[in-house]
Amino acid sequence: MSVTIKSEHEIELMREAGHLLEKVHDGLIPYIKPGVSTKEIDRIGEDMIRSMGCTPNFLNYGGFPASFCISINDEVVHGIPSEDKIIKDGDLVKIDAGLIYKGYHSDAARTYAVGEVSEEARTLMEVTRECFFEGVKAARAGNHLNDICKAVGAHAAKYHFGIVRDLVGHGIGTHLHEDPEIPNFPMKRRGVRLLPGMTLAIEPMINLGRADVAWMDDDWTVVTMDGSLSAHYENTILITDGEPEILTLTK
């Protein structure tokens with residue numbers, strides 16, 4: 001395993017990549033409403049990214065056919081935008097996006113409640129977001145990777161939610177996916193020691209029901225096996241000498 005340590009110059013580029021991606025996510029919020037297709041959101045988001053002089057890093061990544069992963073309700077991640085997939089009142093919509101700025105990647109995901117959703121759905125959303133922040137508390141130089149994994153998993157376990165095990169977070173930098181892999185559950189080893197200059201994408205994927213997931217026939221869309229709702233929350237972070245810095249969430 002080779003975990004890259006970023007220089008000050010590289011960190012500045014990643015900060016800007018993260019800040020621009022945050023602007024894209026914020027800019028999409030008005031469009032996440034009933035009657036809008038996921039393809040339309042993908043088009044609008046891609047236009048935003050390109051207008052900033054950046055490139056959408058998901059487009060054609062491993063053959064993925066769109067710039068954004070947009071997953072609804074029991075779709076966990078990697079939903080392919082479609083003209084036929086129309087957002088409805090009561091949906092949980094997950095938008096996962098990334099961009100490349102001067103050769104450096106950012107990656108972040110959000111879950112949105114559209115209109116009136118169940119109390120269970122809202123709790124799932126909030127707990128998934130909290131799982132990320134519990135992980136960030138452990139993302140300090142001198143700790144080990146498993147400290148992040150344990151913190152994320154322990155918070156989800158309090159609510160007896162299903163913690164997806166088939167998909168994990170990752171390092172990020174000049175490539176979208178770098179070492180190390182970052183599970184959202186405790187590993188059997190401590191993992192790498194965290195050092196200043198490491199950049200990581202921490203991304204809890206939590207199900208209202210069981211943890212089991214399956215891949216649809218499109219070979220991309222991941223769904224819960226039991227049809228339960230799923231939530232996803234992700235940011236790109238920087239390990240520092242003190243508090244970790246969240247590069248895709250500055251407010």
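Phe-132 is buried, with a relative accessible area of 0%. Here buried means under 20% relative accessible area, exposed over 50% and partly exposed in between, with a 1.4 Å probe and protein chains only. The model is predicted: local features need pLDDT of at least 70, side-chain atom pairs count only at pLDDT 80 or more, and totals for chains, interfaces and linings use all residues. Residues are numbered from 1 along each chain as its sequence is written, and side-chain values use heavy atoms, with hydrogens and water left out.

Five aromatic pairs are present in the structure. Rings of Phe, Tyr and Trp (its six-membered ring) pair if their centres lie within 6.5 Å; planes under 30 degrees apart count as stacked, over 60 as edge-to-face and the rest as tilted. Phe-132 pairs with Tyr-233: the ring centres are 5.5 Å apart and the planes stand at 65°, so the arrangement is edge-to-face. Phe-132 belongs to helix α3 (residues 119-137), whereas Tyr-233 sits in the loop between β13 (230-232) and β14 (235-238), so the pair ties together parts that are 101 residues apart in sequence. Tyr-233 is also buried, at a relative accessible area of 6%. Ring pairs join Phe-132 and Tyr-233 with Phe-133 in a cluster.

Tyr-159 and Phe-161 form another of the pairs. Their ring centres are 5.9 Å apart and their planes lie at 15°, so this pair is stacked. Tyr-159 is partly exposed, with a relative accessible area of 37%. Phe-161 is buried, at 14%.

A charge also sits over a ring. Arg-165 lies over the face of Phe-185, 3.8 Å from the ring centre. The criterion is NZ of Lys or CZ of Arg within 6 Å of the ring centre and within 35 degrees of the ring normal.

The protein chain has four helices and 15 strands. These are DSSP runs numbered from the N terminus (helices H or I, at least four residues; strands E, at least two). A compact globule of 251 residues would have a radius of gyration near 18 Å, and the 17 Å of the protein chain agrees. The radius is taken over C-alpha atoms, and the globule rule is 2.2 Å times the number of residues to the power 0.38. The C-alpha trace spans about 45 × 45 × 35 Å along its principal axes.

Of the 251 residues in the protein chain, 55% are buried. Among contacts (heavy atoms within 4.5 Å) between residues at least 6 apart in sequence, 69% join residues at least 24 apart.
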